[in-house]
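Please walk through this structure step by step. Keep the sequence and the model side by side.

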Amino acid sequence: MSPKLLTLGFADQLTSVEVDVPAGEPPPWDGVSSLEVVGQPVPRIDGHLKVSGQAVYTFDVRLPGMLWAAVLRCPLPCARIKSISLGRAEKAPGVKAAMLLAQRGDRIVFAGQDIAAVAAERPELARDALAAIEVEYEALPFVVDTRSAAKPGAPMVHEAAVRTRKTEGDEPSAATAAGSEGNVRKMPDSRRGDASKALKKAAFVHEASYSTQVQTHSALETHGIVVRWDAKDKLTAWCSTQGIFSVRDELAEIFTLPVANIRVITDFIGGGFGAKFGASAPGTRLGFIAAELARKAGAPVKLMCTRHEEHVCTGNRPDSYQDVRIGGDAAGRLVAVHVRSIGTAGIGTGAGIGRNAFSVYTKIPHVLVEASDVFTNAGPGTAMRAPGHPQGAFAIELAIDELARTMKADSLRLRIAHDEHPVRKWQFQQGAERFGWTEARAKSAAARGKATRLRTGVGVAASIWGDFGRGGAAQVTVTIGRDATVEVKNGVQDIGTGIGTVIAQVAAEVLSRPVESITVRIGRSEHGPSVGSGGSTTTSSVTPAVRNAVEQAKTQLLALAGELFGVAPREVVWGPDGTASGGGKSLTFAALCKKLPGEAIVTTATRAKTFGHHPMSFMGQPMQQIAGVQFAEVEVDTWTGLVRATRVLAMHDCGRVMNELTCRSQINGGIILGTSYALLEERVLDRDFGRMLNANLDFYKIAGAKDVPEIEVVLTDVYVGNNSTGAVGIGEPSTIPTAAAIACAVYDALGVPVRSLPITPAKILAALGRVPGAGVPT
Amino acid sequence: MTSPTLTRRGLLRGAGTASVLASCAKPNADDASNAPAVSDATAPAEIGPGAVSVAFNLNGKPATVQVEPRVTLLDALRIDLGVTGPKLVCDRGACGACTVLVDGRPRNACMMLAHDVAGANVTTIEGLGAGDSPSALQAAFVRHDALQCGFCTSGMLTSCAALLQRIGPNGAKLTAQTVREAISGNLCRCGTYPHVVAAVLEVAGATPLSKAAVTP
Ligand code: FES
Ligand code: FES
């Protein structure tokens, strides 16, 4: 460790901060580093492959002799298997292997669970063969509705204790469950002060229930894997995954193979959003099935989920029912918040509500957040882009607005007054001006007063995330050849953010070489250890490792140049085009590389553990708290209930922006996903039959081009001093506040809240009391 | 009902398009399940259930496949012809990821049978320009980052290419609203829509004649 003075902060709030930089780290890029390539809107280096159909996804993999697998799934939400046999499936046309995945006597706990599988020469033959499998079920009592399942006496989903399934997509935490009662399993509380006592004394108290729906990830490429055995104890797997190394480890464990005998390839992946960690999906053992069928058939097997399977057994964002109490005092301060939430991750765990209620408005002295998982007979939930956070943000932000109205307080000022994050406060203030907040609020109030048919409304909400970038996880190898080629290798997958492009930019920056001259090899386990794309950690874990490895290679080049020029390495000047000069001599990059004594320089490096978190730490932990704020505008037709999000202003911090273009794409994606969650998406389960009614993309609505608001993104460069490039994540933070801001905007437009997502026309009409015979729902 | 076209929905129900229409009027038309797959007079003779060969033009070259009548155009392209640009996402005409041009018009290849395109010109993303010689539209997609994971991109781009072809010399008048209309059948989970619209508008403005925009 050596203390270094860095220029950290943001906008006009830059200061000198002493940071303990671990030995061997290059001086971190900070607020005064002037970079040429990093941060620029460089188009993706593999874009040409994606626009021409040449990018090969797992779904596109074709191997000689490859078979197609299909899985038979339980049609009932809870059942005992009375009898089961492959029947004529094994002999069906084109079938090369078949296997049972459940046995007589097994208790099946959701509609969609694995029962049996076949591999055949064509996908339609595999599906045909499933019909020949004979299974007799005894239907058992079940429950799919969260609130019914939480009641005493509800049918029990699990007969034995359940282990929490953790993935790299979960927010890092030490959460352990406190045992269960019936189907309800309590998670650890978040507590400061005494919320109950403070609420008793509060001058103003607002109390209401808020609910959010189950959302499915709906990545366009479904979960899938292709497995080829290369020898008895060696295999190659092409997998649609956001965690190449978790796929490898899972297969190694299932088949007791050394990890070195498993190659995993993910050249391209058609979206993940948190559901694709591992060879299997949360609710189906895809990796095992494909590999076992391949072993039995002696041929490679491809197993891709159908869209129906993707909805029912590959994960989802759990729902939530949140009882919120929030209190303010006579002086206009917020004094206490109490949130008690239940939610279902189906047969799985993890229906928390994130950090928003507890950790954004930290000047509220008394806060208690309690959350419980409720088991239901439905496919397991799993991490989905900022697990828990959009749910939590929705309830707390709308509750603040509702209390603000009672307190006759300005809801934006209330937020700023209770937030301690300097970046977020700045974003609130700058954003309000840019968005025209005051004028817009006045306009919607006037329209409400006149009870006009068409209304607009605006709302604002906050985002919180941590810089979870990992030290030591990604090992990046750089090879600079005698022919002046520069190759950067790491086994990271590109989930769609363009990590390969950013890798090239960082290498180009250090060497002062053109981006096009850098060859990037990613997407394969043999390229060296890396991180899963979860927790918004990819860029912050990989780019510092790239910089460190390239800097090491450059140090060797400088030493070589010094030797050739007869000067000390530190007297060699590295020119803006990569030309080295010193002692009156100079060599172009190519000429210098030609002088390499060996074939090439090869260096490998990782990034250090985070060493800074200026200006604000996350939850008292030594890591940066990532700030963001979104303003939303909606338009509502109060006669029909039709609602549209018309405008979103997104103010986001992602440390040092590495590539403005791809960064904006990610934020657009977060906002559009959030808009879709706010207004359109909902998994519908039939309570009587326990099956999903809209397991497709025509009745499970995701936002299309016409549902998208006008988006303005303002990127705040924040120099954190956390790692050698200063990158932090943005994928998840950008989707957290959208639905909350939209819900607040709808409240502003109508004057009455819609406390349940998705905000549909029916709910709007009900909230306005325009549904004859129906009361106002709460 | 004179179209000789086999449709996937009709075929899967064991009834031709004509009897599907009839079944709307007569709820009990399920009894017609023994009816031949194609029941109108102008249709070709009954084919299948085994594999039958079908020939069409694929990206400017003749192609022939031997497939069962139930095989979709998309499966024939992807599995039998190895053309994997168009993707299968929803398998029911809801997402546009499988969009191809059939005689110049954008169609969902998951909703057509391979035998529907006998003799037709089929263009996939692969036929709109390759990596080393991209069309103006493809280059604009890359420049504007109109793609993230890229899984929707083939279909999205094909729909946009069809739009540019459709508007012909009136590119300069193209509005964002029209582009959104044109891609309203193309779902993207990564949220590329704003950049797609920007890319198409730029190409339409820069090259008034759409031909240059969609062919390399
Ligand atoms: S796969 Fe054809 S429209 Fe979705
Ligand atoms: S780019 Fe990923 S679905 Fe469109």
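Angles from 65 to 115 degrees count as roughly perpendicular, and the rest are oblique. The model is predicted.

Begin with two helices of chain A. Helix α9(A) spans residues 389-407, and helix α17(A) spans residues 738-750. They pack at an angle of about 30 degrees, and their axes are 8 Å apart. Therefore α9(A) and α17(A) are roughly parallel to each other. Their crossing is right-handed. From α9(A), Ala393(A), Phe394(A), Glu397(A), Leu398(A), Asp401(A), Glu402(A) and Arg405(A) take part in the contact. They meet Ala740(A), Ala743(A), Cys744(A), Tyr747(A) and Asp748(A) of α17(A). By class, the residues in the contact of α9(A) with α17(A) are seven nonpolar, no polar and five charged.

Helix α17(A) also packs with helix α16(A), residues 660-679. Here the axes come within 7 Å and cross at roughly 50 degrees. The crossing of α16(A) and α17(A) is right-handed. On the α16(A) side are Gly670(A), Ile671(A), Gly674(A), Thr675(A), Tyr677(A), Ala678(A) and Leu679(A). On the α17(A) side are Thr738(A), Ala739(A) and Ile742(A). This contact of α16(A) with α17(A) has six nonpolar and four polar residues, but no charged ones.

Now move to helix α2(A), residues 123-130. This helix is mostly covered, with six of its eight residues buried. Those six are Pro123(A), Glu124(A), Leu125(A), Ala126(A), Ala129(A) and Leu130(A). What do they pack against? Within chain A, the partners are β3 (67-73), β5 (95-100) and β7 (114-120). From chain B comes α3 (73-80).

Chain B is next. It has eight helices and five strands. From the N terminus, the order is α-α-β-β-α-β-β-β-α-α-α-α-α. Of its 216 residues, 51% count as buried. Among contacts in chain B with a separation of 6 or more, 59% are between residues 24 or more positions apart. Cys98(B) is buried, at 2% relative accessible area. Cys190(B) is also buried, at 5%. The disulfide count over all chains is zero.

Turn to the backbone in the loops. The peptide bond from His614(A) to Pro615(A) is cis, with omega near 5 degrees. Pro615(A) lies between β27 (600-605) and β28 (617-618) of chain A. In chain B, a cis peptide bond joins Gly48(B) and Pro49(B), with omega about 5 degrees. Pro49(B) sits in the loop between α2 (17-25) and β1 (52-58) of chain B.

Two residues other than glycine have positive phi. Thr256(A) has phi near 40 degrees. Its loop runs between α5 (244-254) and β15 (262-265) of chain A. Ser536(A) has phi of about 55 degrees. Its loop lies between β23 (518-521) and α14 of chain A. Are these residues buried or exposed? Thr256(A) is exposed, with a relative accessible area of 71%. Ser536(A) counts as buried, at 15%.

End beyond α14(A). Ala568(A) is found in the loop between α14 (538-565) and β24 (573-574) of chain A. Ala568(A) is partly exposed, with a relative accessible area of 27%. Gly583(A) is 15 residues from Ala568(A) in sequence, and their C-alpha atoms are 9.4 Å apart.

Methods: Residues are numbered from 1 along each chain as its sequence is written. Chains are lettered from A and ligands numbered from 1 in the order in which they are written. This is a predicted model: local features need pLDDT of at least 70, side-chain atom pairs count only at pLDDT 80 or more; totals for chains, interfaces and linings use all residues. Side-chain values use heavy atoms; hydrogens and water are left out. Axes are lines fitted to C-alpha atoms, for helices over the stretch in contact, and angles run from 0 to 180 degrees between N-to-C directions. Helices (H or I, at least four residues) and strands (E, at least two) are DSSP runs, numbered from the N terminus. Angles under 35 degrees count as roughly parallel, over 145 as roughly antiparallel, 65 to 115 as roughly perpendicular and the rest as oblique. A crossing is left-handed if the near helix is turned anticlockwise from the far one by less than a right angle, and right-handed if clockwise. Contact means heavy atoms within 4.5 Å. Ala, Val, Leu, Ile, Met, Phe, Trp, Tyr, Cys and Pro count as nonpolar, Asp, Glu, Lys and Arg as charged, and the others, Gly among them, as polar. A disulfide is a pair of cysteine sulfur atoms within 2.5 Å. Buried means under 20% relative accessible area, exposed over 50%, partly exposed in between (1.4 Å probe, protein chains only).
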